[in-house]
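Here are a few friendly notes to read alongside the structure. They take the interface between the chains and then a pocket.

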Amino acid sequence: MEVGSKKALDIPSALGAVKDGDVIFFGGFGSNGNPSALIEGLSKTNLKNLTVVNNGGGSDDSGLGSLLESGAIAKIICSFPYERDSVIFRDLFQAGKIELELVPQGTLAERIRNAGAGLGGFLTKTGLGTEVAQGKQEIEVGGELYILEKPLRADVALLRADTVDTRGNLTYRGSARNFNPVMAMAARHTIVQASKEVALGETEPGVIVTPGIYVDQYVISGGGSI
Amino acid sequence: METVIAENLLLSREAMAKRVAQELQAGWVVNLGIGMPVLTTKYVGADQGVIVHSENGIIGMGPPPREGEEDDDVRNAGNEPTTLALGAALVHQADSFSLARGGRLNCAVLGGFQVSTSGDLANWRLPKNPTGNIGGAMDIASGANEVFAMMSHLTKQGEPKLVEELTYPVTTLACVTKIFTDIAVITVTGEGFVLEEVASGVGVEQVKACTAAPLLVSDALQDIPM
């Protein structure tokens, strides 16, 4: 067996790594680059008290929508809670049944990147003078004021890729890359839904975006928009 | 002064997008926000020398695809199908926002709920709502060298959106340099709002009546070129 060799799993087996109370990254930007089959699989489990990190609050017809409706999610960390034609998140939030941590999108991506890069936080001007700055430390550097933002890590990442090889090396298609690469680096356990499995060595090393050392398990599923 | 302007004198969304497209200069990297701003991609000429950035990781976004030619994996910041222009590059979300914060955006075109005379922008939460969509607006508005607000001059309820001080929650302070509305083009200067262009058939006094802040009039005032 080659070093670091992995093999495709079925969705329920792959999701066996997720526990009650976990913080979970969902890759994607709306439906683009979203691990729809894994999230749908998650909505069939009886997991509870999850914290989900996702760019949006989930459209009603998505796996995240079903997961919200089932009551599995206690908290969501996102930049864009009210996705188009979405009422599930709105109703839960207004009824006080879900906690929201609203984060500007670039800050969200950078907090995740920081966690993966082993950094303790970063200074940004994003959010200065806004509600987002409330309760955060402001620090002056070189005469300029910044907000301190802290790293954001997860127990599990559910991600979407185009190709995966048996080491877990990933490539992405089009704009489906989005949050997936930084999330892969910042989760304790990363599960990938890829469209195609390729042989080790088949992908030109310079084209690989996420090295397989960040990937723990994968499933093969085309289904829907990548 | 009556603030109701005859419907047929208001610029359509498409006409506003055409006007904004004319403003984008060769060599510029420009972010186009979701909603009306992204319509501008339809009117940016392939030979105009403008590189359009989409927050979800596209540097070099093209116009919307022709019907039947959509690629599920190529989407804009509103998760709508888009295209990649010749020479496009794709990056992940943290790199996409590094570009924005790092000063590489010559300009960002964003929608607005309110703009103040000092260029403060509000576009993420209506005061009556408990939360709202920040998305990438705070990062992009604080990072771009110039911010153009593209919006109707009045709210649906007929309230002016150009104000002395924001009454809506802030997105970014002192960022807006120019405002493109359905009746006027206005620059934000150290002296306040300056009316540069007015829609054909709309009077200067009408624009003033629709603006809840002092409005200076440029010596070079002209009709919005169509």
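1. Start with one pair to find in the viewer: Arg101(B) and Glu110(A) join their side chains in a salt bridge, at 3.6 Å from N to O. Please keep in mind that this is a predicted model. Between chain B and chain A the count of salt bridges is 5.

2. Polar contacts come next. The rule finds 19 residue pairs in polar contact across the interface of chain B and chain A, with both residues at pLDDT 80 or more. On the side of chain B that touches chain A, the elements giving two or more residues are helix 3 (93–101) and helix 4 (137–143) of chain B. Helix 3 of chain B gives the most, with 5 residues. By class, this side of chain B has 15 nonpolar, 14 polar and 9 charged residues.

3. How much area do chain B and chain A bury between them? The value is about 3100 Å², with 55% of it on carbon and sulfur atoms. Asp73(B), Gln93(B) and Asn133(B) supply 21% of the area that chain B buries against chain A, more than any other three residues. In terms of contacts, 38 residues of chain B meet 41 residues of chain A.

4. Now to the second largest pocket, with a volume of about 290 Å³. Of its 17 lining residues, Gly45(B), Ala46(B), Val50(B), Met61(B) and Ala85(B) are the closest to its centre.

5. Which strand supplies the largest share of the lining of the second largest pocket? Strand 4 of chain B does, with 4 residues. Strand 2 (51–54), strand 3 (58–61) and strand 4 (84–90) of chain B each supply at least two residues of this lining. By class, the lining has 11 nonpolar, 6 polar and no charged residues.

Technical notes: Residues numbered from 1 in each chain as written. Chains lettered and ligands numbered in written order. Predicted model: local features only at pLDDT ≥ 70, side-chain atom pairs only at ≥ 80, totals over all residues. Heavy atoms only, no water. Contact = heavy atoms within 4.5 Å. Buried area = accessible area lost by both parts, 1.4 Å probe. Salt bridge = Lys/Arg side-chain N within 4 Å of Asp/Glu carboxyl O. Polar contact = N/O pair within 3.5 Å; in protein donor to acceptor, adjacent residues only side chain to side chain. Nonpolar A, V, L, I, M, F, W, Y, C, P; charged D, E, K, R; others polar. 1 Å grid on protein atoms, 1.4 Å probe; cavity = no way out; pocket = protein on both sides within 12 Å on 5 of 7 lines; lining within 4 Å. Points joined across faces, edges and corners; volume = space filled by probe spheres on them.
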